Amino acid sequence: NAIPLEGRDHLIEMTPPVSIWGKTSISLEYSRKFTGTGRGDFYRVIASQDSTRWTLKYYDKDTKTLIGQESGVLQAGQFRDFYQAAARSILPYGVTVWTADKPILVVQYSTSASWDGDNLSDPFMCNVAPVEQYVHNAVFQTPDLPSNYTKHILNLIVQISDTSTAIDDLKSVTID
């Protein structure tokens with residue numbers, strides 16, 4: 001028996017040009033309270049070229065242990081969804097690491113309230129920026145409508161190139 005899954009958002013984001021797709025993408029599951037039996041996020045990986053070999057590994061964000069992995073081969077324009085399901089289940093969660101031998105685009109979708117039980121979330125999607133497109137400095141601003149938006153969640157992925165300076169590198173991240 002399929003369960004009703006609702007959503008009120010129109011899930012759409014412009015696909016970036018293939019020239020800025022990358023071979024490595026990293027994402028974190030969206031923060032929310034899991035009160036139902038569903039967990040994790042939906043993902044889609046899209047290939048830009050024929051015979052693209054890709055791998056997904058996902059890790060517990062606290063213990064760093066490997067939770068699951070998948071791999072496959074896609075032709076240009078083909079995609080693989082993780083997962084289309086008729087009932088609540090466990091989707092990839094934690095830290096996801098996507099690698100490929102040719103450029104790919106990874107798209108992440110949050111689930112609906114009826115999927116994971118968190119009634120503060122609404123489904124939405126975003127393109128996951130590839131590691132090759134990471135910037136060293138960024139400025140952003142949250143919406144300035146305090147009566148409408150009272151909580152803001154920010155996931156930062158910090159690339160460490162030298163483990164001997166990792167703690168100092170992480171301390172250099174400033175959020176004010």
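**Cores and a surface patch in a predicted model**

The secondary structure of this protein, a predicted model, comes to two helices and seven strands, and from the N terminus on the elements run β-β-β-β-β-β-α-β-α.

Biologist: Why is Leu170 called partly exposed?

Modeller: Leu170 has a relative accessibility of 44%, and because partly exposed covers the range between the under 20% of a buried residue and the over 50% of an exposed one, Leu170 counts as partly exposed. Leu170 is found in helix H2, residues 166–171.

Biologist: What makes the nonpolar surface patch that includes Leu170?

Modeller: Leu156, Val158, Leu170 and Val173 make this patch, of about 290 Å².

Biologist: What makes up the largest nonpolar core, and which elements give two or more residues to it?

Modeller: The largest nonpolar core has 13 residues, and those with the most contacts inside it include Val45, Trp54, Phe82 and Trp98. Strands S2 (42–47), S3 (52–59) and S6 (95–109) each give two or more residues to this core, with S6 giving the most, four residues. Apart from it lies another core, of eight residues, among them Trp21, Leu91, Leu105 and Met125.

Biologist: Which residues is Trp54 in contact with, leaving aside its neighbours within four places in sequence?

Modeller: With those neighbours left aside, the contacts of Trp54 include Val45, Glu70, Leu74, Arg80, Phe82 and Thr99. For the protein, among contacts between residues at least 6 apart in sequence, 73% join residues at least 24 apart.

Notes:
Residues numbered from 1 in each chain as written. Predicted model: local features only at pLDDT ≥ 70, side-chain atom pairs only at ≥ 80, totals over all residues. Heavy atoms only, no water. Patch = residues over 30% accessible without salt bridge, like charges linked within 9 Å, V, L, I, M, F, W, Y side chains within 5 Å. Areas by Shrake-Rupley, 256 points an atom, 1.4 Å probe, with all protein chains shown as cover. Salt bridge = Lys/Arg side-chain N within 4 Å of Asp/Glu carboxyl O. Buried < 20%, exposed > 50% of the residue type's maximum accessible area, 1.4 Å probe, protein only. Core = buried A, V, L, I, M, F, W, Y, C linked by side-chain atoms within 4.5 Å. Contact = heavy atoms within 4.5 Å.
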